[in-house]
Amino acid sequence: MNKPFIEVIFDFIQDSGFAVITWQQALMLLISWFLIYLAIKKKYEPLLLLPIAFGMMLANLPLAGLTAEPQYEMVDGQMKLKQIGGLLYYLYQGVKLGVYPPLIFLGIGAMTDFGPLIANPSSLLLGAAAQLGIFAAFFLARLLGFDNNAAASIGIIGGADGPTAIFLTSKLKPELLGPIAIAAYSYMALIPMIQPPIMRVLTTKKERQVVMKQLRPVSKLEKVLFPIVVTVVGSLIVPSAAPLLGMLMLGNLFRESFVVDRLSKTAQNELINIITIFLGVTVGATATAERFLSPDTLKIIALGLLAFAFSTAGGVLFGKVMYWATKGKINPLIGSAGVSAVPMAARVSQVVGQQENPSNFLLMHAMGPNVAGVIGSAIAAGVLLNLFG
């Protein structure tokens with residue numbers, strides 16, 4: 001018997017997501033739209049924030065089943081697939097198994113020139129000092145009641161390296177992946193606003209005006225040997241850092257060897273773009289209402305900001321030590337670039353330096369600690385994984 005038209009419409013509405021959506025899911029949709037606005041209108045790290053925000057939106061649409069796990073049933077003594085999982089469930093396996101972040105590092109390595117670091121190896125110390133925020137945020141998180149794995153995952157935000165934060169959190173505390181990834185990428189986008197006040201407070205006008213001498217030229221042999229030596233030495237010291245460090249240096253070897261141009265271009269373009277889409281959407285999809293809307297999320301957002309501030313301060317303060325040790329030859333402003341947001345942090349050093357001395361060019365000097373920060377954050381992640389993994 002045919003149903004009355006009004007009853008058909010009523011049943012249709014009852015079966016739709018409108019009938020079952022909760023206020024928490026509606027709030028998450030609003031948050032995802034706000035992040036989409038920030039990515040498109042304000043251009044806050046749009047390459048990752050946009051897919052993250054869209055993934056968050058998809059995960060909070062009721063009945064869509066995009067993140068549903070596959071279901072199995074026992075038939076005649078054998079386990080058989082009853083229902084396949086959602087699209088995002090399968091894409092998320094690349095995050096869960098730690099595949100995507102090292103592949104992102106492969107592309108970053110192919111795009112990065114380590115020449116400034118090779119020309120001035122002491123930059124490595126600035127990159128190490130700028131990891132201070134990781135450990136400061138770790139101890140603060142412990143004081144706020146987070147367990148060791150959660151505190152380590154929150155602390156790595158201070159490394160200013162999104163793929164590293166995702167890699168470590170997926171290993172130690174995957175349920176915090178959503179808020180940590182959003183905090184990491186949001187603060188990376190805000191570096192031009194977060195760092196300059198800290199840099200000015202911790203340095204004198206005389207220190208900010210220091211003009212550094214030109215870096216020496218770096219030979220091709222040095223650039224080819226660098227990724228090999230760093231991979232071997234770094235992986236022997238911290239074996240857990242090998243996936244990130246190894247892929248980073250493999251990408252760089254593609255670039256510097258000049259014999260695999262196709263591989264280098266693929267790593268820099270198609271591969272990193274595809275992985276970025278998969279990584280962003282699936283990490284965003286972990287931010288479901290039941291996970292994201294909690295007091296812990298607000299604590300993570302606050303601790304992430306402190307981690308960035310401490311990392312900036314650590315780099316600048318060690319820059320002041322080098323200024324003193326070299327009798328004024330090192331501009332402490334380049335220390336802030338030791339966080340690994342490449343090349344944005346180096347550009348901030350350049351901008352703040354030129355505000356004090358318009359004829360000063362700190363960009364290449366700041367690129368040394370900046371790329372050292374990428375290595376430093378990967379090693380710091382390896383140390384934390386060794387301790388708590």
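Trainee: In which loop is the place of D76?
Mentor: This is a predicted model, and D76 has a phi near 55 degrees, a positive value in a residue other than glycine. Its place in the chain is the loop between strand 1 and strand 2 (78-83).

Trainee: Is D76 buried or exposed?
Mentor: A residue counts as exposed when its relative accessible area is over 50%. For D76 that area is 75%, so D76 is exposed.

Trainee: What is the phi of L63, and where is L63 placed?
Mentor: Most residues other than glycine have a negative phi. L63, in the loop between helix 3 (46-59) and strand 1 (71-75), has a positive value although L63 is not glycine. Its phi is near 70 degrees.

Trainee: Is L63 buried or exposed?
Mentor: The cut-off for exposed is over 50% relative accessible area. L63 has 60% relative accessibility, and therefore counts as exposed.

Trainee: What radius of gyration does the protein have, and what would a compact globule have?
Mentor: The C-alpha trace spans about 90 × 45 × 35 Å along its principal axes. For 389 residues, a compact globule would have a radius of gyration near 21 Å. The protein agrees with this, at 23 Å.

Trainee: Which backbone oxygen lies 2.7 Å from a polar atom of the side chain of Y100?
Mentor: Y100 is in helix 5 (residues 100-111) and is buried, because its relative accessible area of 8% is under 20%. Beyond its neighbours within four places in sequence, Y100 is in contact with L91, G94, V95, I275, F278, L279 and T282. The oxygen at 2.7 Å belongs to L91.

Trainee: Is T286 buried or exposed, and which residues does T286 touch?
Mentor: T286 is found in the loop between helix 16 (261-284) and helix 17 (289-292). Its relative accessibility is 7%, so T286 counts as buried. Leaving out residues up to four places away in sequence, T286 touches Y92, L177, G178 and R291.

Trainee: What does the side chain of N360 reach at 2.7 Å?
Mentor: N360 lies in the loop between helix 19 (344-356) and helix 20 (363-388). With a relative accessible area of 2%, N360 is buried. Residues up to four places away aside, N360 touches residues including R208, Q209, V211, M212 and N331. The group that its side chain reaches at 2.7 Å is the backbone oxygen of V210.

Trainee: How far apart do the centres of the positive and negative side chains lie?
Mentor: The protein exposes about 18,500 Å², with 68% of it supplied by carbon and sulfur atoms. Its charged side chains are 27 positive and 19 negative. The centres of these two sets lie apart by 15 Å.

Terms used
Residues are numbered from 1 along each chain as its sequence is written. This is a predicted model: local features need pLDDT of at least 70, side-chain atom pairs count only at pLDDT 80 or more; totals for chains, interfaces and linings use all residues. Side-chain values use heavy atoms; hydrogens and water are left out. Helices (H or I, at least four residues) and strands (E, at least two) are DSSP runs, numbered from the N terminus. Buried means under 20% relative accessible area, exposed over 50%, partly exposed in between (1.4 Å probe, protein chains only). A polar contact is a pair of N or O atoms within 3.5 Å; within protein, one must be able to donate a hydrogen and the other to accept it, and residues adjacent in sequence count only if both atoms are side-chain atoms. Contact means heavy atoms within 4.5 Å. The radius of gyration is taken over C-alpha atoms; the globule rule is 2.2 Å times the number of residues to the power 0.38. Accessible areas come from the Shrake-Rupley method with a 1.4 Å probe; for residues, only the protein chains shown count as cover. Lys and Arg count as positive and Asp and Glu as negative; His and the chain ends are not counted. The place of a charge is taken as NZ of Lys, CZ of Arg, CG of Asp or CD of Glu.
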